[in-house]
Amino acid sequence: MKMPRKWLNEFVDLPLEEVDDKAFAEAMSVSGSKVEVTEDLSKTIHNVKVGRILSLEKHPNSDHMLVAQIDVGGEAPVQICTGAWNVHVGDLVPAALHKSLLPNGVKIEKGKLRGVESFGMLCSLKELAADVHDFPYAEIKAAALLNNYHPIDPLKPSISPNIQSGDRIFGKVVAAEVSSVENVGVILWKCGLALGCETVTPCQNIHVGDLVAYNTEKDAICTLADLHAEQKEFPNCIEDGILILHEDCRPGDDMSLLLGRDDHVVEFEITPNRPDCLCMIGLARETAVTFGKELRLHEPVVQAKAGGNIADMAKIVIEDAALCPRYTARMVKNVKIAPSPAWMRERIRNAGMRPINNLVDITNYVMLEYGQPMHAFDFSCVKDGEIHVRCAKEGESIRTLDGTDRPLTPSMLCICDTERPVAVAGVMGGENSEIVGDTAMVLFESACFNGPSVRRTATALGMRTDASSRFEKGLDPEGTRKAVDRACELVELLGAGEVVEGVIDVYPGKKPQTTVKLEPEKVNALLGTDIDEGTMRKILMDLGFGLEGDTILVPSWRGDVEHYSDIAEEVARFYGYNEIPTRFSGGISTAGGYSELQQVERRIGEVCRSMGLDEIITYSFISPSYYDKIRMAPDDPRRDSLKILNPLGEDTSIMRTTILPSMLEILTRNYNYRNKEAALYEIGRIYRKRPDGLADEPKIVSLGAYGPKMNFFVLKGWVETLLADLGTGKPHFTQEKNNPSYHPGRCARIYVGDTEIGVLGQIHPETAANYGVDAELYCAELRFDALFALRGSIPVFKPLPRFPAVTRDIAVVCENTVPVGDMVEAILSGGGQYLKDCAPFDVYTGHHIAEGMKSVAFSLTMRAEDQTLTDEHAEETVKKVLQILKDRFNAVMR
Amino acid sequence: MKEMMQALREASIKAILNADDAESLENLRVKYLGKKGELTAILRQMGKLSAEERPVMGQLANQLRSEIENAIDQRRNELSAAMLEKKLERETLDVTLPGEKPHMGHKHPMYNVLDQIKDIFIGMGFEIVDGPEVELADYNFTKLNIDEGHPSREWTDTFYFTEDSRILLRTQTSPMQIHAMETRELPIRIIAPGRVYRKDEVDATHSPMFHQIEGMVIDKGVTMADLKATLNLVVEKIYGKGTVTRFRPHHFPFTEPSCELDIQCHKCGGKGCSTCKGEGWIEVLGAGMVHPKVLAGCGIDPDVYSGWAFGMGLERLAMGEYKITDLRLIFENDVRFLEQF
């Protein structure tokens, strides 16, 4: 919401000299109306003056430029070159002088144009960041000047190059030399023609000596359109040029005043609970209380002398009272559409809207002033004079004021006559009842519509308007009457029409008065303050609340207030949030800290990082196609994912039931970025459908890596280290050939005891290929809940060995298929009391080893706790181990 | 004999001083002091001496022996010191060459910031709680005093799993307030960080998934003064001592009164610059007193208990802390990004 401070001063005395923009923004922000930005409009334009053209000469070195001497209020005239042909001696024009700034950011300095000095620039509307709505008279019409004619085909000119004044061009159109030009009104010039007659024209680009095309029948000088000519045939006869001012101004006046830019604009961010602050009066009320000033409000007075009564002319029926709690209407006869006065245009423009014409401007002005959106219907287009507020019927549609045909659905509330919709309620009017130049009778609508309904309709139609964005927050139904009266008052003030007596006011949704009990002790208890009751009462009364004893009467526009905590906020806002003390009231202290689960999760992160893995964060949602990408079996139950019904896109449309695609996506991205290696981890959730529609959201520890140092055993080492750190007890690994995501020969399931922890391995080359990666990718997926459940308790100290250990290496030959892990387990469990460790250190096939066999070497570590181990004991142990290997695995010593 | 010893002394000391390695030194020791050495040869002639002379000469000979031994030892020490010096000289390294770095893993920058915040709150007696992301609309909206018509419930803003808008992806961590009030014993001091989801297209400042931290205190006699004291302390821990704060009224359906906490722009000191978009202040978090309706809805008597709550966005905090300019980097997980922190 943009608030011009000049307009604010109508309601609250708060001149800029007393409170500058920064102080204003600070005070308003901390009282609850957050200021986004303030702008000093006068700083956007500098040194642009009103100038009077004293003389115009042809530029000596250019056939399309003019050299003007301009009176800008100084002692000597200023010389400015211009390419515009629409100026005349005596015209008042905006002149940007040396070292000036234009609103579009352009800086003007003196310079030479084709050798002639120019001390500034004459400005068009566009260069002043304005348009014809700001200066309605400034539309430029251009005559076709025959002296500027350039035939498209030089060999076949439509007009003879030798044409003379008096020659016929076609029909009743003759060539005529202009002998005099005199301004005779707003955009009207009287031209004397060498034919011996005079004519009045709105064309601005005519000067003495020009040869024009004159239609003797219509008594008019022809434009390009009249001659059916193309622009390129008359390159300098364009409908653009310098703004010729018809304002109450004199040479030397500052243009910023004429443009209404001697103002400061404050832009507020208004929270959705305060639609009452989306207007001047609401903001003025907040301003007045913030600065302790008086709020001056005006009661609209309507003369209504047009005769007749609206009750006899129109009928209003609300068919859906839930969506339209109130509909108020007044009638205006003998409407005269015209531009609205400068003061109104200026306020509308500085508040961020565009002036259009008096009627439209009045509705917008009232909306900006009261916060109540209004609509004006051409009443002659309302069939049978009846307004029906109802939802659209199946198949109905409307062409809205922006010229778009919009199909309507039965959820959309519309304003209809007896036959068809004439407006989408609270959103936009229809073209079929639009105010046009010859509109004579206008029905002003000032209504209240259900907020969510307007919002949904506006969203569905894809057109959020100034009106709908107010309605959607829920407006005060009490506000409609005053707004429509204000509109009618302005109609009378502007002479835009005659107001008919009477008001139609259908009000099915009147709300009871909201009351809240004033409980100062509760307010203080909530705030931690000691504010006295008198202060509270004053704040509330200043804000427009009523007080009857201890009963607070909440004003109708404050639908957000219904509870003592709301009263506490009102009090706190103006007592000052920053005046509330800061102190700890104590209470019962709580221990705080990480839970054991959180500690384990943190520890896993620490271990991963100590092993060199970087942490990643991935999206919880994926594309269903990712299941194919990781080659998940078509009947895998994990394909049954929670599905987002309104996803942003396919790629983020289902909740992942496996974390693998997320890791693969990040590995792929790093690979594609040509990072030569990556080692990553994430502790992330997966989402499993539950019968109640919600999800189990277990966490998975996801590891992933690629790079020159990676192989299966590096990955396995990470997992083993992690499990060892958590003290889970020794894991065992079984070959997993059936996980389609992983390499069938390089994948293992991980168990601790009977509990499956997860899976690890090299990603299947085809899976990798699905991601466009031709490198070896390694991943592990570990269940966090299992890791947590299996975590060890606090370690108990074991005495360090006092006697040296003895090692013996042995090598055996066995069948290739025997898992070494099984052999190690057997050795350790059957090796006897002295065997402390068994580490396989070489597996060999090939030369000297029979086909289908392999040689496995183990290093055995043996030690006695109470003495230095004797050779006999060591030999005994080795024998035992060899026996086990022979018995269990048919492995014989090499 | 005395003269002979004197001659031997001079000759041997000279030779020893000239020895330039350990081997020649050993040869000299054998030559002078060995069983067949020159000193022994002289001593053999002791028999020819008188009984008076013999002890005198013996003493002189012993003295000479120890002189020669000392000289050898001294020379040996000199030589080994020189050798060591040469060895060290040879071993000299270019210390400007780079070290061999162990590969360290890195915590994600956003979780660095999150852990910092967790630690701050834990120090103040808070616990950390976690909850579901697939959530009931009841918890995400209704019980938080967000009524049926509220725009945030629209399908254009929130991801839904059921046609009846009953189950959704939580749009905020605030449902954790409800879960905590319904399941925990009073008093409650919790923070609840986690993932939240909104229907925003990905760009430099938006992501359909992002993180929030919710915090809540429920106890007897809790006031807005507590809220201010706690959050001021937190902000000081995050942004440094002396950070100027400002509490500004705001609106959240589930707190009343509600506020936003701004810190004075550290770059311009409040004058207004590009960092603070000219406002002089930077918005940090939203907070407020838990709405009595919300308390009552969770079975907590608002006449006995009160509470305050806050919520803040983690991404923006991390981006501010590390001057990260594009939110997409956070979820891209490029190791060149991750390893900067």
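Visitor: What counts as a contact here, and how many residues of chain A are in contact with chain B?
Guide: Two residues are in contact if their C-beta atoms, placed from the backbone, lie within 7 Å. This is a predicted model.

Visitor: Which helix of chain A gives the largest share of the side that touches chain B?
Guide: Several elements of chain A give two or more residues to that side, among them helix 2 (21-30), helix 8 (451-461) and helix 16 (660-672). By class, the residues of this side are 34 nonpolar, 28 polar and 12 charged. The largest share is six residues, and it comes from helix 13 of chain A.

Visitor: Is helix 8 of chain A enclosed or open, and why?
Guide: A residue is buried if 20 or more other C-beta atoms lie within 10 Å of its own. Among the buried residues of helix 8 of chain A are A:Val454, A:Arg455 and A:Leu461. Their cover includes strand 23 (405-407), strand 24 (413-416), strand 25 (421-424) and helix 9 (466-471) of chain A. Eight of the 11 residues of helix 8 of chain A are buried, so this helix is largely enclosed.

Visitor: Which residue follows helix 8 of chain A?
Guide: Helix 8 of chain A spans 451-461. The residue after this helix has a positive phi, near 65°, and is A:Gly462.

Visitor: Is A:Asp167 buried, partly exposed or exposed?
Guide: A:Asp167 sits in the loop between strand 10 (120-122) and strand 11 (168-170) of chain A. Beyond its neighbours within four places in sequence, A:Asp167 is in contact with A:Val174 and A:Ala175. Buried needs 20 or more C-beta neighbours within 10 Å, and exposed needs 12 or fewer. A:Asp167 has 14, so the class is partly exposed.

Visitor: How is A:Leu790 classed?
Guide: A:Leu790 belongs to helix 19 (residues 784-790) of chain A. Leaving aside neighbours within four places in sequence, its contacts are A:Thr728, A:Gly729, A:Val752 and A:Thr755. With 18 C-beta neighbours inside 10 Å, A:Leu790 is partly exposed.

Visitor: Is chain B a compact globule or more spread out?
Guide: Chain B holds 12 helices and nine strands. The globule rule gives 20 Å for 341 residues, but the radius of gyration of chain B is 43 Å. The C-alpha atoms fill a box of roughly 130 × 45 × 45 Å along the principal axes. The radius is well over the rule, so chain B is more spread out.

Visitor: How far apart are the C-alpha centres of the two domains of chain B?
Guide: Domain 1 of chain B covers 2-90, and domain 2 covers 109-338. The distance between their C-alpha centres is 90 Å.

Visitor: Are helix 2 and helix 4 of chain B roughly parallel or antiparallel?
Guide: Helix 2 (residues 22-33) and helix 4 (residues 53-90) of chain B pack with their axes 10 Å apart. Their angle is about 175°. Angles over 145 degrees count as roughly antiparallel. Helix 2 and helix 4 of chain B are therefore roughly antiparallel.

Visitor: How many charged residues are in the contact of helix 2 with helix 4 of chain B?
Guide: Helix 2 of chain B brings residues including B:Leu25, B:Leu28 and B:Arg29. From helix 4 of chain B come, among others, B:Ile68, B:Glu69 and B:Ile72. The contact has eight nonpolar residues and no polar ones, while the charged residues number five.

Notes: Residues are numbered from 1 along each chain as its sequence is written. Chains are lettered from A and ligands numbered from 1 in the order in which they are written. This is a predicted model: local features need pLDDT of at least 70, side-chain atom pairs count only at pLDDT 80 or more; totals for chains, interfaces and linings use all residues. Domain bounds come from an automatic or database domain assignment. Helices (H or I, at least four residues) and strands (E, at least two) are DSSP runs, numbered from the N terminus. The radius of gyration is taken over C-alpha atoms; the globule rule is 2.2 Å times the number of residues to the power 0.38. Ala, Val, Leu, Ile, Met, Phe, Trp, Tyr, Cys and Pro count as nonpolar, Asp, Glu, Lys and Arg as charged, and the others, Gly among them, as polar. Axes are lines fitted to C-alpha atoms, for helices over the stretch in contact, and angles run from 0 to 180 degrees between N-to-C directions. Angles under 35 degrees count as roughly parallel, over 145 as roughly antiparallel, 65 to 115 as roughly perpendicular and the rest as oblique.
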